[in-house]
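Me: Hi! I have a model open and a few quick things to ask. Can we go through it together?

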Amino acid sequence: MFYGAVVWDPWLIVAQIVCLQCLYYLTLGVFLFVFVGTRVSHMSLVYFFDYATITASTVTGWCVITSILLTSVAGAGYMLYLIERAKKCLDFSATLYMVHLFICIVYGGWPSSITWWVVNGTGFAVMALLGEYLCIRRELREIPITRYRSSGPLKKFWAVTSNVTSPFRWTAELVGDG
């Protein structure tokens, strides 16, 4: 994506939101399967969307907390490739967690557990800040520029200037007087 011209493309934004949301839940499912699936008899959407499963009083609750936090780290990595701009990471993270809050409200009611709010707030902060950090590091990388090109419009210029010793002779050869 080119960074110079800012073009508002709502279809691109919607596609990025949907893609990021799908990758978030896919990754959360993998982590829940690895950490929680070994502890419970069957997996269900309860571990995704019910605030009662996020508790610090059981080992299974800690596994759910770990899954959510690791998913937010992975989400920051996804934003590096999907969003690509540091200034957009906070917006996309906030959108992802607002959609998640809405789905949780529809599924299990208003999250009344303080643990749910702390874990999801921490996940939001980790995803936004780590995503911004990774995107800034990518934006500030040096652009590799080779000195000599093998072909292209500058080939004649490099050929003429590489054999010139005097600046006056250099301008004369470029103009065509030499």
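Me: First up, does Cys104 count as buried or exposed?
Reply: Cys104 counts as buried, because its relative accessibility is 1%. Buried means under 20% relative accessible area, exposed over 50% and partly exposed in between, with a 1.4 Å probe and protein chains only. Keep in mind that this is a predicted model, where local features need pLDDT of at least 70, side-chain atom pairs count only at pLDDT 80 or more, and totals for chains, interfaces and linings use all residues. Residues are numbered from 1 along each chain as its sequence is written, and side-chain values use heavy atoms, with hydrogens and water left out.

Me: Which helix is Cys104 in?
Reply: Cys104 is found in α4. Helices here are DSSP runs (H or I, at least four residues), numbered from the N terminus.

Me: And what does Cys104 touch?
Reply: Leaving out residues up to four places away in sequence, Cys104 touches Phe48, Phe49, Gly109 and Trp116. A contact means heavy atoms within 4.5 Å.

Me: How far is Cys104 from Tyr51?
Reply: They are 7.4 Å apart in space, C-alpha to C-alpha, and 53 residues apart in sequence.

Me: What covers the buried residues of α4?
Reply: The cover includes α1 (10–35), α2 (46–49), α3 (59–82) and α5 (114–139). Among the buried residues of α4 are Phe92, Leu96, His100 and Cys104.

Me: At what angle do α4 and α5 pack?
Reply: The angle is about 155 degrees, with the axes 8 Å apart. Axes are lines fitted to C-alpha atoms, for helices over the stretch in contact, and angles run from 0 to 180 degrees between N-to-C directions. α4 and α5 are therefore roughly antiparallel to each other, a label for angles over 145 degrees.

Me: Which residues make that contact?
Reply: From α4 they include Tyr97, His100 and Cys104, and from α5 they include Trp116, Phe124 and Glu139. The residues of the contact of α4 with α5 divide into 15 nonpolar, five polar and two charged. Ala, Val, Leu, Ile, Met, Phe, Trp, Tyr, Cys and Pro count as nonpolar, Asp, Glu, Lys and Arg as charged, and the others, Gly among them, as polar.

Key: Helices (H or I, at least four residues) and strands (E, at least two) are DSSP runs, numbered from the N terminus. Angles under 35 degrees count as roughly parallel, over 145 as roughly antiparallel, 65 to 115 as roughly perpendicular and the rest as oblique.
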